[in-house]
There are 2 protein chains.
Amino acid sequence: MPSSRFVDRLIQRTADVGSPVCVGLDPVAGKLPDELRAKFGTDVEAVEAFCLGVIEASAEFAAAFKPQSACFERLGAPGFAAMGRVIAQARKLGVPVVLDAKRGDIGISATHYAEAVRALGADAVTVNAYLGPSTVMPYLEAGLGVFVLVRTSNPDSDEVQSQKLKSGETVAERMAGLVRTLGSSHVTPTGMSDAGAVIGLTKSADGARLRELMPEQVFLVPGYGAQGGGASDLKPLLSSNTELPGRGVLVNASRSVIYAPTQANESWQDAVARAARDMTSDLKSVL
Amino acid sequence: MPSSRFVDRLIQRTADVGSPVCVGLDPVAGKLPDELRAKFGTDVEAVEAFCLGVIEASAEFAAAFKPQSACFERLGAPGFAAMGRVIAQARKLGVPVVLDAKRGDIGISATHYAEAVRALGADAVTVNAYLGPSTVMPYLEAGLGVFVLVRTSNPDSDEVQSQKLKSGETVAERMAGLVRTLGSSHVTPTGMSDAGAVIGLTKSADGARLRELMPEQVFLVPGYGAQGGGASDLKPLLSSNTELPGRGVLVNASRSVIYAPTQANESWQDAVARAARDMTSDLKSVL
């Protein structure tokens, strides 16, 4: 029977598939394969069929799936319902789901969001803690994993996250300290916490210091592939525990996997599977 | 014909109703009037009927309505659909709608969220800019108003927002500077920008400095009523432009209005209307 703790399930799945590949589900109607666009009458049907097809093609390589809530919300209530069915299919195949919703509210509203995440069936959620610790705790108390935004991959994140405090630390380092403290009562026998952090691969220059500040956090790492980060950038982000499956990271690729260009005689799902397999090999080379 | 600019419509509505009262729609099934809970079979039906009843009772006093997205999302896709109908009813009565969703994502994901907010029919949205300026711009470019979280009313917001930077400013003051810069190309002839800021009434000690840093921002001010803030706390937050309807603030109350206790022979809607009227008088006394 799987552990009731998110981080345990994630690490077990990472061990099972042999790498920390996270496949990001960021479906956009205009970018779907022609055959799906031709087949379905509405964007929401095509988006759902696409996500189910990506899951089918890549589940054997996936330590996790990460649906981008915005892509479904823009399709209204039918999109919200489709997101629930996509999540259910991933979990049916035994793959943990991190809902990329970047929620950040406090008190009772955060409790409502935690309920919403649970109702959708996700295992974990990305959280923005600019409002403070009380944005994070309700998710942990509801039994969900969280990944708190600490150092993000977009160029202009420096405008806030790299600002130096009088204490000498940056705003991102301050956030890292908060995450470790909040997560300390949610550490499992793996040595890792249900409270993780988002650290962009393109910001790996800050990685060694952030890993030092957060030894118990799994890092959800966007920026691989289409956003320009490579496997070698991962090294500073890895846990010093060389026995830990995945070395404490979960590396996300969205566009470079789900929209992988087809080669001769490949179906679009073949291309997705090949891209996920190639990413697996690439990550294994540095772990 | 109403202006295409959010801040113009908000200021016009504030002038029309005579005060900057914002009624927060934070419906929770367990707190609804007994008669609604008895009448409807599902939480989502009761929640929708309640919100429509609150709108009917308080629209004549409301410069804006502010639905809390979490309360609807927790009810799943039917809740999401109900939120759209609630927003449509508010707008039909001529009241601008600020979606309290605290969204905070970048690039294409932020563009998707802006689409989602437009599809729901809201005029403006609350935004978390920890990820930097690119979290904010897509909403403005989509013609929406934004209220960026700068200084929030929860006690533990100090853990991030009050931290002192080497430059001498706090993190919140840094955020304030970003908001003014981002909003500077979206200022209308009113002198105010489509980019506003969220400033908690319980943090009004910081208010004078934040107003100095953001003369062109409308402040969405939570914390009135149930959260402990009173009208006198508003003074440091007001615009120096005494001709500006509402003096550059939009003051939100949720629980103290929508769950106002009934008095003898009052219906629950009478109690809502009375609470909104009392709040109007209270705010007028300091403007």
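How many residues of chain B are in contact with chain A, and how many residues of chain A do they meet? In this predicted model, 43 residues of chain B are in contact with 43 residues of chain A. On the side of chain B that touches chain A, at least two residues each are supplied by α4 (69-73), α5 (76-92), α6 (107-120), α8 (158-161) and α9 (171-183) of chain B. The largest share of that side comes from α6(B), which provides seven residues. By residue class, the side of chain B that touches chain A divides into 19 nonpolar, 14 polar and 10 charged residues.

**Helix packing between and within chains**

Two packed helices are described by the angle between their axes and the distance between the axes. Between the chains, helix α5 (residues 76-92) of chain A packs with α5(B) at an angle of about 165°, the two axes being 8 Å apart. Because angles over 145 degrees count as roughly antiparallel, α5(A) is roughly antiparallel to α5(B). The contact is made by Gly76(A), Ala77(A), Phe80(A), Ala81(A) and Gly84(A) of α5(A), together with Gly76(B), Ala77(B), Phe80(B), Ala81(B) and Gly84(B) of α5(B). The residues of this contact divide into six nonpolar and four polar, with no charged residue. As to handedness, α5(A) passes α5(B) in a right-handed crossing.

Within chain B, helix α3 (residues 43-58) and helix α12 (residues 268-284) have axes that come within 8 Å and cross at roughly 50°. The two helices α3(B) and α12(B) are therefore oblique to each other, and α3(B) passes α12(B) in a right-handed crossing. From α3(B), the residues Gly53(B), Val54(B), Glu56(B), Ala57(B) and Ser58(B) meet Gln269(B), Val272(B), Ala273(B) and Ala276(B) of α12(B). In the contact of α3(B) with α12(B), five residues are nonpolar, three are polar and one is charged.

**The sheet of chain B**

Eight strands of chain B form an open sheet in the order β2-β1-β8-β7-β6-β5-β4-β3, and the pairing is parallel. The edge strands are β2 (64-67) and β3 (98-103) of chain B, each of which pairs on one side only. From one strand to the next, the twist averages 30°.

Strand β8 (residues 249-253) of chain B is joined by three bridges to strand β1 (residues 21-25) of chain B, and the two run parallel. Strand β7 (residues 219-221) of chain B also pairs with β8(B) in the parallel sense, over three bridges. The table lists residues that stand opposite one another in these pairings.

| Residue | Opposite residue in β8(B) |
|---|---|
| Val21(B) | Val251(B) |
| Val23(B) | Ala253(B) |
| Phe219(B) | Val249(B) |

How buried is β8(B)? Five of the five residues of β8(B) are buried, so this strand is largely enclosed by the rest of the structure. In a regular strand the side chains alternate between the two faces of the sheet. Both faces of β8(B) are covered, since Val249(B), Val251(B) and Ala253(B) on one side and Leu250(B) and Asn252(B) on the other are all buried.

**Two loop residues**

Leu32(A) lies in the loop between β1 (21-25) and α2 (34-39) of chain A.

In chain B, Ala226(B) is found in the loop between β7 and β8. Ala226(B) has 13 other C-beta atoms within 10 Å and is therefore partly exposed. Not counting residues up to four places away in sequence, Ala226(B) touches Arg255(B) and Ser256(B). The C-alpha atoms of Ala226(B) and Ala275(B), which are 49 residues apart along the chain, are separated by 12 Å.

Notes
Residues numbered from 1 in each chain as written. Chains lettered and ligands numbered in written order. Predicted model: local features only at pLDDT ≥ 70, side-chain atom pairs only at ≥ 80, totals over all residues. Pairing = 2+ DSSP bridges. Helix = DSSP H or I, 4+ residues; strand = E, 2+ residues; numbered from the N terminus. Axes fitted to C-alpha atoms, helices over the stretch in contact; angles between N-to-C directions. Parallel < 35°, antiparallel > 145°, perpendicular 65-115°, else oblique. Left-handed = near helix turned anticlockwise from the far one by under 90°. Contact = placed C-beta atoms within 7 Å. Nonpolar A, V, L, I, M, F, W, Y, C, P; charged D, E, K, R; others polar. Buried ≥ 20, exposed ≤ 12 C-beta atoms within 10 Å, placed from the backbone.
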